[in-house]
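Here is a short note on side-chain contacts, for your review.

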Amino acid sequence: MVRDGAVPSRFFTPEIRASWKRCFDIGLDPFGESKPAHISTAELSKLRDENDLVRRLAKIEMGNLHRQIAGSNFIIIFADSNGIILDSIEVDGYRAINNASRTSPGHIWKEETNGTNALGLVSATQQPSIVHGDEHFFKAYTGLTCAAAPIFGHFGKMVGIIDATSDCQSRQRHTLALVGMSCITIENGLFRDRHKDTLILEIHNRREFLGTLQSGMLAFDENGFLKEPNRQAQFFLQGIPLKPQTHFDEIFRTSFKHFIDQMPGGRSVHLTDMEGSSFEVWAFNHHARKLNVKHSTACSVHKATSETHMVHKDPAVKEAMHMVKRAVQLNVPILIRGETGTGKELMARYAHSVSGRKGDFVPVNCAALPETLIESELFGHQEGAFTGTSRGGSKGIVQQAQKGTLFLDEIGAMPTQLQVKLLRFLDRMEIRPVGKTTEIQLDIQLISATNAKLTGPDKAIEFRTDLLYRINTMEVCLPPLRERKDLHAIIEVIAEAFQHTLEIEPEALSLLERYNWPGNIRELKNLLIRLFISCQGGTVRAEDVRKLLSTPLAEFPGEQLPKNLAEHEREIILAAFDRHHGNISAVARDLGISRNKIYKKLKAARTAS
């Protein structure tokens, strides 16, 4: 196939051919051996420190990918922009079949050392890449399939790479899409952290997609000058210069002062850009801190308004909402579990809306809190408590939720030292701002959420057991979309927001029902948007759905479809039993059936096995 450094074009894509050419140009031999290289332990420690925030965000998304990608023979990798592996999560089967020693932290996967590979290709091109089988330059790696995507930081600088590698037989077509979604999530976390003290606008053409990965974000200083747009905002505002110091009034037809004056907390407003495109807009500051803008307070707190709408025709969701409503009446801490995209924050907002509390709903992403100032961010500080404090001090995020609801998202990502302080706060509901000598008594409803396993020998993170017992007085679990019984209702609610008819033919609807939905409701929203845009006349046919779905329908690696209804029911109960670690009450709440029925089914399953 290879002759004198030339690769026939019919075998490889232009990107792979270009990579092979770079490998030939530096003298690598595809019939030879790769040149494994790694950095020292001290250098690895230094790199990890330099990439602390992006690494913490990446580890959360690595855990999500670990749960989303089916099969048992894969590894998830986070590397810096030079292809140096900083962290990895592997399934046991990967180490048994592949040479995993070269994918441990500290190893370098640039093209110069390992030839054509996804990590090296992304490092060289800054583009998402898949390298499958014989596309690898060296024979040692031809049994692998690698999917990698870049993470971009301030103004498009690449700051890291996420890679998912499996053996060729275990590869899945949706893997690169999931990796890409994780990278966007990390980028958004970095964006919010960079601009935690400034106004952030979140924009989208459709209100219901604010808060999703499809939203654009723009950061402005207190005078209305642009500090930075994210990638999606640049896409939405094509044709409008988005350079630093571009004023708000040069981007939108509404003046900055008028926008700030009309901006109500927690609700979107309508803006039109200079090209005539219309957007729904949220204004917020990521850590709910007061903006220094005349006549305005813009932050991520939300007033209690009418009851947050949730589709709840599914028994498990209906039961979860019922339990949450009873819990907030007693003001007990609530823990919401569920995969990414299942609606945990929406459930928290629902809890706040039915609690009757007059204060604000304050969401906090625990993974994005700056570790060096994390205590002062949460509990506030007195002026002069440390270098760089704001004039007059800060009352902190927790006090923002006084008489309202504090929502701690990604609670599992909270650093260990802060877990101790949170535990102390929950014991007495008192805080002591940094630099002060007296406590402040608070009255808040605490709601936490996680998609990570917090207990057990195979838990992904270190989490204090005593804190877990404080935050999960009431625990609810939101089912993944593939297990919900109200897919039709969810589709109808999303489609209604298009303000145009979207008719889905029965065969197309059947395909949607059989799909596995690894991205849950977020993925469903994105798919319906694409169908709405691409389908002429508003009619969705089966072939339209097949073109957009990223994995084979009704195919679950390593599993067989149940032979009959009874077997299907038994498998659902067993899966829920495993997911809730043997907690029968939690299984009953999850599935919306009695505990007696669960006991009977488990007994029958044991007898059958």
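1. The model is predicted. Start with R541, which has 34% relative accessibility and so counts as partly exposed. The side chain of R541 meets that of D544 in a salt bridge, at 3.9 Å from N to O. That value falls inside the 4 Å cut-off for such a pair. D544 has a relative accessible area of 12%. This is under 20%, so D544 is buried.

2. How many salt bridges are there by this rule? The count comes to 18. Side chains of opposite charge can pair when their charged atoms come close.

3. R48 and D87 form another salt bridge, with the closest N and O atoms 3.5 Å apart. R48 sits in helix α2 (residues 41-50) and D87 in strand β3 (residues 85-90), so the contact ties together parts that are 39 residues apart in sequence. R48 is partly exposed at 22% relative accessibility, whereas D87 is buried at 9%. R55 also belongs here: salt bridges with shared partners join R48, R55 and D87 into one network.

4. Next, E339 and R482. Their closest N and O atoms are 2.6 Å apart, in a salt bridge. This pair links distant parts of the chain, 143 residues apart. E339 is in the loop between β14 (334-337) and α12 (344-355). R482 is in the loop between β20 (474-477) and α17 (487-496). Both ends are partly exposed: E339 has a relative accessible area of 28%, and R482 has 35%.

5. Now the rings. A search of the whole structure gives 14 aromatic pairs. One of them is F12 with W20: the ring centres are 5.3 Å apart and the planes lie at 40°, so the pair is tilted. F12 is buried, at 8% relative accessible area. W20 is buried too, at 2%. Ring pairs also link F12 and W20 with F24, F137 and F138 into a cluster.

6. Is the pair of F361 and F407 stacked or tilted? It is stacked, because the planes are at 25°, under the 30 degrees that mark the limit. The ring centres are 5.9 Å apart. F361 lies in strand β15 (residues 360-365) and F407 in strand β16 (residues 405-409), so the pair ties together parts that are 46 residues apart in sequence. Both F361 and F407 are buried.

Definitions and conventions: Residues numbered from 1 in each chain as written. Predicted model: local features only at pLDDT ≥ 70, side-chain atom pairs only at ≥ 80, totals over all residues. Heavy atoms only, no water. Helix = DSSP H or I, 4+ residues; strand = E, 2+ residues; numbered from the N terminus. Buried < 20%, exposed > 50% of the residue type's maximum accessible area, 1.4 Å probe, protein only. Phe/Tyr/Trp six-rings, centres within 6.5 Å; stacked < 30°, edge-to-face > 60°.
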